[in-house]
Amino acid sequence: MSRAGEAWGRVRGNWWPVLQQAVAAAVSWWAAGLAFDHHLPVFAPIATLVALNTPLGGGRGTNAVRVVSGVIVGVVVGHAAFRLLGHGAPAIGTAVLAALLAALLLGGERITMAQAAVSAVVSVVAGQQAGLVRVEDALFGAAVALVFSQVLFPAHPVTLLVRAQTKALRALGDVLDVTARTLRSKNERIDRFWDDLRPLYSLLDDLAESRERATAVARLTRYRRGNTEAVRREIASARHLNLLGNSCLTLIRGAMALDEGHRAAFAPGVEALTRTVGLLVDEPRTEAVRGRATRAAEHIVPNAPDTTSPQATAVWQNLRLAVGDLTAFASAERNPPGARQG
């Protein structure tokens, strides 16, 4: 894909959360202006933006709490430093150090540490009143962020999982395709091949995190609780996909460790695995698509290689394991008759 295509893909995939941030910032400024007539509430929309500046379902509500806790810690520490040391550089350095250490005690989240440090600086430089104003604005801005993220536009747990599965499947298909071509190639391509595996590791980690976030969203978002069965099915599906990704990585590592003659023998199997994964990329939840993928998976594994190489035999077993995980993922029941849709 070209850089322009990648850029447009980022815009297309993120326009909705970006629009939410813009509207939420405007609402935060407007509402805070009505609530506070003694100052310009500049920190209210900033707190809202910081809290919402994460992908849908990525912990926007938690971010709001972290913003407030960081601000409160920073203001308290900054006020103490101002009272003891005044406005100078020693006061700022001491306040920032104390604020960061306190934020570490609260969990060490980067957003909490940043807010604590900035609030400490504001309190030292501008005095106690400015620090209290920042707390007011942070509380108001975080409240707006919570309304947007938890009430008006809560993340749908099934949507989170399906989006993460689609990304993981696409990355897995790309890696398998590169693997199949590399298995047929000369040795000089091997070194470059390993760099292509890195995105898949990251996406499998993201998939595991998406399972945790979806569980939390289903638990905390009250009017989504009616879809707990759909969420449970998608969480189970994501587990199957994680197993598939890991078994494919094991297969890839084993196959690439073989000598050139044995590597080429596994290229057709990996190519067939690539095509079957490709069937699932766009519509992983569609019954017909999963049926085609399940049937295709039945014809992937060739007969055991006629070889005395224990390494080649192990790779053949790895291929069988990957196909088994693919079959389990493709045949897992997502939408049984009578079940509500996620």
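Student: What percentage of the 342 residues in the chain do buried residues make up?

Tutor: Buried means under 20% relative accessible area, exposed means over 50%, and partly exposed lies in between, with a 1.4 Å probe and protein chains only. Here, buried residues make up 45% of the 342 residues. This is a predicted model: local features need pLDDT of at least 70, side-chain atom pairs count only at pLDDT 80 or more, and totals for chains, interfaces and linings use all residues. Residues are numbered from 1 along each chain as its sequence is written, and side-chain values use heavy atoms, with hydrogens and water left out.

Student: How many helices and strands are there in the chain?

Tutor: Both are DSSP runs numbered from the N terminus: helices are H or I with at least four residues, strands are E with at least two. This chain has 14 helices and zero strands. Read from the N terminus, the order is α-α-α-α-α-α-α-α-α-α-α-α-α-α.

Student: Which share of the contacts joins residues at least 24 apart?

Tutor: A contact means heavy atoms within 4.5 Å. Take the contacts between residues at least 6 apart in sequence: 77% of them join residues at least 24 apart.

Student: Where is Thr159 found, and is Thr159 buried, partly exposed or exposed?

Tutor: Thr159 is in H7. Thr159 is partly exposed, at 38% relative accessible area. The C-alpha atoms of Thr159 and Val231 are 9.4 Å apart, although 72 residues separate the two along the chain.

Student: And where is the place of Pro154?

Tutor: Pro154 is in the loop between helix H6 (128-152) and H7. Its relative accessibility is 10%, so Pro154 counts as buried.

Student: Which residues form the nonpolar patch on the surface?

Tutor: Patches are made of residues with over 30% relative accessible area and no salt bridge; like charges are joined within 9 Å, nonpolar side chains (Val, Leu, Ile, Met, Phe, Trp, Tyr) within 5 Å. The members here include Trp15, Trp16, Trp29, Trp30 and Ile46, and the patch has about 1,100 Å² of accessible area together. Helix H1 (residues 3-35) gives the largest share, eight residues. Trp15 is in H1.

Student: How many salt bridges does the structure hold?

Tutor: A salt bridge is a side-chain nitrogen of Lys or Arg within 4 Å of a carboxyl oxygen of Asp or Glu. The structure holds four. In one of them, the side chains of Arg66 and Glu109 meet at 3.5 Å, N to O. Arg66 lies in helix H3 (residues 60-85) and Glu109 in the loop between helix H4 (89-105) and helix H5 (110-126), so the pair ties together parts 43 residues apart in sequence. Arg66 is partly exposed at 26%, and Glu109 is partly exposed at 35%.

Student: What is the case for Arg290 and Glu287?

Tutor: Their side chains also meet in a salt bridge, 2.7 Å from N to O. Arg290 and Glu287 are three residues apart in helix H13, so about one helical turn separates them. Arg290 is buried at 4% relative accessible area, whereas Glu287 is exposed at 54%.

Definitions and conventions: Areas by Shrake-Rupley, 256 points an atom, 1.4 Å probe, with all protein chains shown as cover.
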